[in-house]
Structures are given as C-alpha cells and as structure tokens.
Amino acid sequence: MPSTAAAWLYSRPISLVRLIAHVLLLVIECCSPRAPSMNPSKGAETPEQLASILGKCFFSWTIPYLFKTFDTILALHALPSLGREIEPDTTRSMVLKAWKSRTGIIYTGIAVSGAIYQHQLNKLKLMLRSMLIGLIHDRALDLPSIAFDNGEANALMSNDVDHLKTMIDIFHETWAYLVEVIVGVYLLATQIGWIWPLPLTIVFVFSRLGVYVTRNLVTDQRNWNQATQVRIAATSSMISSMKVVKSLGLQGTISKRIEDLREIELDLAANVRWVMVYYNACANSVGIFSSALTLVTFALLAEAHGVPFDTATAFTAIATLNMVMHPTNEIMTAWPRLGAALASFDRIQKFLLKPSLIDHRQGVTSFSDEQEKGSKLRGPEPEKPAAAIVVRNLVSGPLRKPVNLELAPATFTMILGPVGCGKSTLLRCLLGEAPLTRGSVSLGTFRIAYCAQSPWLPGGTIRQIITGPEETVDECFYRQVLEACCLTYDLDTLPNGEETQIVLGGEGIVKQGPWQSLGTESTAICKYEMQKQLTPEAPIVAVEKKEAGVDLERYKRSGDIALYVYYFRLAGYINLALLIGWAAAYAFFVSVPQLWLKWWTESDGNNTGYYIIGFLLLCIFALASTHGTIWATVIRLAPRSGIQVHQHLLSIVMGAPLPFFSTAENGSILNRFGQDIEYVDQELPMNIAGVSNQIFKLVAQISLLYAAEKLLALSLPVSFLASYLVQRTFMRSSRQLQLLELESRSALFSDFLKSVEGLASIRAFGWRRHVAKENVQNLNASQKAEFLRLSLQRWLNLALDLIGAAMAIIVVATITIQRDRISPGQAGVALNVMLVANATLLELVDGWTTMELNLGAMARVRSLEQKLESQKECYKSGALELPLSWPSRGALKFKGATAVYQTGGVALNSVSLDIDAGKKVIIHGRTGSGKSSFIIALLRMLDLCAGSIELDSIDISTVNPETLRQHCFVTVTQDALLLANETLRFNLDPEGSLTDEYIIEKLTRLGLWSLLVRDDDDLSNTDISSDDERTGVSLKYGILDTRIVAMPEFSAGQRQLLALCRALIKINSPQLKNIRPVILLDEPTASLDIVTESAVLNIIDQEFTSKGHTVILVTHRLGNFVEHAGSDIVVSMSDGCLSYLGGEALSGR
C-alpha cells in the first residue's frame, strides 16, 4: 500500500484540475448577471437581488445610479424597488402578527419557564433531603448507643429536614422577587411620577413592625420542634413496648400522658401561630394599603392639577403597583418560613456537632508485663501467644474500683456478680461502647461477636439474621449452631422454616417462643466462627413474639366525600363555618374594589371624595377579612383538628389487638403520629383555607366579569372543564404515588429506629457499611416515589398554565375584535377580571389537588380505624354488672382453655386447672412451651377459641380487657418497662397516688434506694422535670422527679427490680383498695444473681402470698424456686399442655 506522501503525489494532477475548474465557475458566476425570475408571485426583483455575489459584496449594483446623476435628475419613480423583506407591507404584516401573538408567547413562556424552574427546584430539594438524612444517619452511627432515648434523630429526619427544604424556595425566590421589585418600581415611577416612594415607605414601616413581631420566632419554633420531638419519642417508646404496656394495664395512663404532651406541643405551637397571624397582618397590610393609599394620592394630585383620572391610567397604575406589591408581600411572608427553617437548621447542626463515641481500646501485641518479667526470672521458655483481652485499672460507671483482667485466647470466661455491680459495663468497655474514667482496655482483635442482654434483631429472614448480611458460613457449622441454640424444633413448626420473614420493629416476630434471644445468640455464634471472639451477655431470656407480616394501607383511586365529613367532624363544624364565612367576606371585599374603581374612573371627576372613602373602606374590610381568615385557619381550625385527630388516632392504636403490633412495622405506626399528624396539623388547614378563598374569589370574579362583559364570561366554563379533566387524570396516579412515598418513608424510619436500637451489635459485628447501604436503598425508594409525584405535579401545573395562556389569548383577541363595542372601562375591568379569574380557577384546581393529596393522611387514619374496627379488643355482651369488690378472693379456673396464634400454631391446648385463692403456681418449661401464653391469655391479649377462664366465678371474656388488666391483675413482665423521657416517680407510680415516703420504702425494700442515693452526686446536675412538680417535696427526694434518660444507665437486673417495685407500689394503690388482684410474674428473676433472686422470692412470699394474693410465676429454671415452693403448685408446660411436677394435685391436664 502506498504511503500517504506517495498518494498525495499521485493525486496532485487531479487536484490541480479540480481547483482550476472551481475558480472558472466562480469567475463566470460573478461576472454574469442573473436573469430576472419568471415567478409573478415574487414580484419584480431589485438590482441588488439580480447582482452577482461579488456585485453584492462590492455594491457594484449601485454604480449605474452613481453615473446616472451626471446626465439626469433622479426622480422617485426611477429609483429601484425595495426588497420584499423590507417592504412596509411585509413588515407591517409581520409585526402585527407578532403583536397579536405576544400574549400567547408571554404566557406560554411563563408556563414553560416556571415549570422548568420548579422542576429543578424539586431536584435540589430532593438532593438536600438525601444529603441531610445521610448526614444524620451517618452521625447517628458514630454516637454512643445510649444517645437516642429522646427520639431526636428521628424527629430531625422527618420534621426538621422537611422544614429546612423550604430554605431553597426562600433563597431562590427572594433574589428573583428583589429583581422584580426593582423593575416594578421603575415602571411605577414612569406611571405615577414623584410619589413612587410612597408605597416603599409603607413597605418599610410595616416590615419594621413585622421584624419586631417575629423577634422571638426562631426560639418559639425551636421550642415547638423540641416539644414535637418529646411527643414522638414518648409515642415511639409506647409503640415499641405495647405488649408490656397492655400487660401492665397502662394504656389509659400512657395515653393520657401522650395527650398531655400533645397539648404542651400545641401550646408552644400557639406562640408561633400567633406570630404568623400578626406577621401576615403586617404583610397583607403592605399589599392592600400600599396600593390603596398610592392610588388615592395619585388621584388627588391628578385632580389638583386638572389631569383626568381615567380608566387607562387607573388600571395601568394598579397593574404596576401589583408588580411591586406582590413580590414584596411574598418576601415578607417568607420570613416565618425562614424562621422555622433556621430553627431546624440549628437543631440539625447541634446534632451533627455532638461528640462522637471515642473508642479507647488498644491492640495487644505482646505478653503482659508480669508474664515478661516472669519469663526473665525463669529463663527461656517456649513463646506464648499474646493475651486476647487485657484490662488495666479500669474505672467506668458502676465499676468504681479499678478492674484488672487478663484473658488468654481460646478460653471460656464467665463474669458473675450481684445486680448493678458493673458486669454489663465491663462488656461495654470491651466493645468500646462505654467511656473510660480511668485505665485501659487492650484486645487481640477488634472483630467481636456480641450477644446483647436485650436482644436485637434486624429485619430479614431468620437465616439472614443469624448469618449476617452478605456473608456465607459453612452449612454444617450453621446447622450445628441451630442445634446448639435449640432452634431446630421451632423452625420445623414454621411453614417457611428459616426463610420466615421477621418484621422490622414490631412487638413480635413469628410466634411465641425463643426467637429474639436465641436468634441473637445464634448470630453471635455464627460470627464467632469468622471473628474468633465471643462476648455473650446473659442471652438466655425467652421473649414472647407473634408472626410478622407487613400491613400496608391503600388509598382509594378516587375521592371520597365521606372523607371530608370525617375530617370536618373531628375539626369541628363551627371552626369550618368560621373559616368559610371569613373566606367569603375576603373574596367579596377583594374583588369589589375593581368594580368600584371602574365606576370611579367613569364618573368624570364627580364625587371624588365619595369614591375615595368607599375605596378605602373596601380595602379596610378586605384587610379585616384577610386577618379573619388567617385567624380562623391558624388559631381555630389547625389546633382543633391537630389535637382531635391525634387523640382519635391514639385511641385507635391503643385499642388495637396485640397481633396488629406483631404484623405492623413500628416505623409505619410512628409515621402516622409524625408525618400524617404534621399534614393534618399544618398543611391541611392551610389547604382548606386556600381552596375556600379561591372558590369564593372565583364566584365574585365571575359575577364581576358577567357584569362587565358577558361574552368573555363564556370562556370560563371551557377553562373549568379542561382543568377538571387534567386534574382527574393527574389524581389517579398522584394518590398512588403518595401512598408509595408514605410507605417508603415508613420503611426508612423503621430501618433507622432498628439501627439505633442495635448500634452496639452493628459496630461489634462490623455491619456499619451494610446498615448505611440499607439506609441509602430505603432513602432512594422514598425519593423515587416523591420525585415522580413532584414531576407529575409539575406536569399538572404546566398543563394548567397553558390552559391559562390559551384563555388569555382568547380574551385579548375578543377585546381586539370587539374594540368598537367595548368601552375602555369595560375592557380594563373585563381584561383584568378575566385574567385574574382564570388564574384563580387554575389556582383552585392546583390547591384542590394538593388538598386531596394531603387529605391522604386522614384516609390512612380512617382506613386504619375501619381495619381495626372488627379486631379491636372487646368483650362479650350481656355480662352482669361487676361487683365493686371483684375480685375479692383471686380463685382461677381454666376449663379446657384453648388458644391459637394467627399462624395456626397452638398456644394453649385444652388447659384445665383449678387454682385456689391465695395459692402460688410456678409454671416451668422450655422456651416456646406456652408459659407466657398462659399469662397473656389471662390478660385477654390472646383470646380463647375454645373453653373459658373464670376469675372468682366470672368469665373474664365478659370483662373489659383494660379493666381486667388495671384492676384484676398486677403484672411483672419479663421485659421491664422504663419510659426514658418520664420521671422515676412516673415509672414507679404512673397514677401519682402514693407518697414519696412510700415509694422510697419499696425502693429500699428491694435494695434500690441505696444505689440511687449512691449516684446522687452524678444526678446533681441532671435535668429535674417540672411537669409534675409537687409542693413541699424535700430536696432529698428530688431524685424521684429526675427523668430516666438523665440518670445513670440501669442494668437489666436493676430494671427488673424496678418493675417488681412498681408492682409492690400498685398493690397498695387506692385504685385497688377493697379488692384482691391476682399477681402475674413472668420471669421476674431472669436477670438476677442467685442471692438477689432468693431475696426477691422472699419478698414475693411476704408481700403477695402471705397477704392472700394468688400468684402465678413463670420461669425457665427452677433453682431457688424449688426451695420456696412449699405447698405451691409446680407445673410444667410443653406444646401448650400442662403436666404435674410437684405441689398440690392438678384437676386436669
């Protein structure tokens, strides 16, 4: 193949010939004149058009005319014709066509550019939300594992992040509005002359007043957010402990407490809402008075100078004033939103700046000093491996005396000690989860398998939970783990076995049995095979759970009038009537001034004072009605609907049966009290007010338009029909997308709640990266639904704006065509009202759509109510009125009692048993044998499908479950309930009916008071609650009014003792006077040492049995119970059946 150079040489003659040919063609073209066109439609061609290319470049076509002036005098008819493109006929047609289409171009441009701008703004909001949630989630993984009892992170991820997104709108719209104000002021100056500073002066005065009104806005908003956080935290604690709450009969008490927190929240919200009322009054005063006073001043000056105040001048001035006042009003009304955003920004910043958990652990690289010194004295010895764990002079929390510990690899060590001695604290120090006051911890490896005393299970299948995320283990070893943890038998009872899904969060998982604790322990053992270090913490504690399932609410495909009635009934019809009345007045007084101005300008300067006074009065009434609408919305409707809907939702959830909490995710339930209540409390009332205003404004504007020009009024039905069809098309998809968005947000919160509950396990197992990945996936799911919904919203707005543009073109065209028939005054009013009416109609459709979407929160509430209506806890009708002294003895009789779980598994199998009054029954059996089912059947949390249970000869199925739990049984659950954000007094005496001395006596009886007093120095700087202040309380007893979250962390054993103390206090409360409730003790000593267990059993005998109370005690291990059994009944359970072990004879099996 020839080279490139050779190819060029070969082709050079051909290239030269082509170049010569092209040059010749160019010369011929330039030198030859063009022949005139024979097409008559183009007309005669000019000399310029007939000239060659070079002739046009060098203007050679003008030379003949240059020489012609030497011979003759040029005449106009002898000059060349103009080109077609610059002939006046052509240019006139072009400019008129463009001028007539300017309205369509302007409005179409506004619609398209606005849609693109809002779409980009929505993208920026989603980016901000994902970044903030990512920051909060990442920060939460770095904080100590005990830092989330106050629900702060959850509140930040929901309410505060949503508030902060408004800063994007404020930032971008403010500078744009400022530009609009500058342009508007310039145009205003050209219209009204030297008085243009008057509206700006009014703006300045009212803006300064607005700044004064909002001086405490950020603080008030921060307090409101904090109160919301406290309520959400209390609700979260209640939901996560619902089984224990129901067992203790505390439904009513905790409900009342959460309602009180809601009232405190709304009281703090009232401060912000009144600021909104006052500030909006200032902002609306600017918009109304600036235009009115400026127009009146201009009219008076015009009359003084003899200048007519005509229609064109008036309506042009009004339009120009609106160009200035509208953006000014928007800037002023943005300040309250900015205050809320700044308060949220401050809270998020404080959270992100919290100090991280500092891991003080060090690596072990060699012998200890003692080993090394001993080896030198004894001479050379074979090399020994480094110690696995070395603890030197450790002091932390309850470990007040220095701890020294050295453990060799491949050894098994048990840490024993009494309650509160620091066993769990020592393990937390080994995990790096507890701060060190002094000393050091050194480890041979930082890969630790951890089994917490309070079991933590993430979501997924049982196998995934045991093996861990994205990890594989040896299948043989995995089966050995299942056998060692006694899970094989239980897995065989499940339809899907180890592939059974576990609910993320709920009160239960699959069925009664050992799943939580043994599942956690088997996870630790599987991790041990890979990580070679095991740190179990008292894991063998059975937990009663139920089968999981995911319960998702579905929206209806179309609107429902009954849903509006449902909301209005809760919000109050009087509040609704007030809002509608003020909205109607506002629409009237805002619309009539335009008609009044028409009459004024057509009066030829007669009765100017009359028209000025009337115009100002209409403006004053418009301002008053605006304030009334805001007051009815923000002060009346919003708080009433917020508290009523919250109370209604709380009663629905509290009345739900226990299986509901076993199948519903905690995050899904909590999201109803968070995001749904926020919609009802803040968004929905404003939507209703906006829609009401738009409806009445539209009616008033249609009336004015009909009075001004009937022909133009015919375009409104067309606009309404087109808008309605667009809105209906949008709503079918938008409702479903909002449902997906709410569900995905619930999953995001559920995942986050579960993550913060298991921080210690996540860090120990090294699952941080996987947890972060799950958070990203859940956030991505919620963002996808929200992004598509917002994009559809933009499509709706664009379609509505284009409809408005079409109506504007029709209006302008109609006025232009009918200009001989329509007077300037009619044209001004009709054009202004028509365009405003179309804008109002489109805003109405848009507002109605937003209202229906936000009404989805009420749809979820009603859907939940309807679903649980047939499942709520109830009792048989026809029961006799209960005696005031019932139960007076405490005799129990089981008659063939049979109960099953939702999955069909047997909980109790034909249990027949007579328990005489005052006896103690000890129920023993393996995990999952039905012991706790025996307890919850007595508490009516597991209803019987056959047989009956009688208490003092009354069938308990005829008794209200809440009454049964509050007055007939005193229960100590195996999961001790301590509400972190409540005081110690409230946790021990929720009813607040007993004295400090009595509470301290019972704490002393259980050996707890000395521990609390010992930590008195640590508590001296803690936050003392003022919610439950009592006069005359000694400072010595101030610890009772300290919140649990502000106290040193309680060990599992101390929590069990506090639960028993609560039972001792309740048994002597005034509510149980003259009755003898049955005592139910479910694993009351599972976390206690042997000495403390023996002491507790003595207390049970002295405080309960010896006083004639019937006691039913559930335990896994008999141990000390045998010594305290005496003549008590001791039975064993297996697969829901009873068998005899000792004590008195059973009446049946």
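In what order do the four strands of the open sheet stand, and is their pairing parallel or antiparallel?

**View 1. An open sheet of four strands in the predicted model.** The strands follow the order 10-9-12-13, and their pairing is antiparallel. Strand 10 (906–915) and strand 13 (954–955) each have a single partner strand and stand at the edges, so one side of each is left without a neighbour in the sheet. Helix 31 (residues 931–938) packs on this sheet, where the helix touches strand 9 (892–900), strand 10 and strand 12, and its direction makes about 70° with that of strand 10.

**View 2. The pairing of strand 12 with strand 13.** Strand 12 (residues 946–951) runs antiparallel to strand 13 and is joined to it by two bridges; Leu951 stands opposite Ile954, a residue of strand 13.

**View 3. The hairpin of strand 2 and strand 3.** Strand 2 (residues 389–396) pairs with strand 3 (residues 399–407) in the antiparallel sense over five bridges, and Val391 stands opposite Leu405 in strand 3. Two residues lie between the two strands of this hairpin, and Gly397, in the turn, has a positive phi of about 55°.

**View 4. A nonpolar surface patch with residues from helix 8.**

Note on methods: Residues numbered from 1 in each chain as written. Predicted model: local features only at pLDDT ≥ 70, side-chain atom pairs only at ≥ 80, totals over all residues. Heavy atoms only, no water. Pairing = 2+ DSSP bridges. Contact = heavy atoms within 4.5 Å. Axes fitted to C-alpha atoms, helices over the stretch in contact; angles between N-to-C directions.
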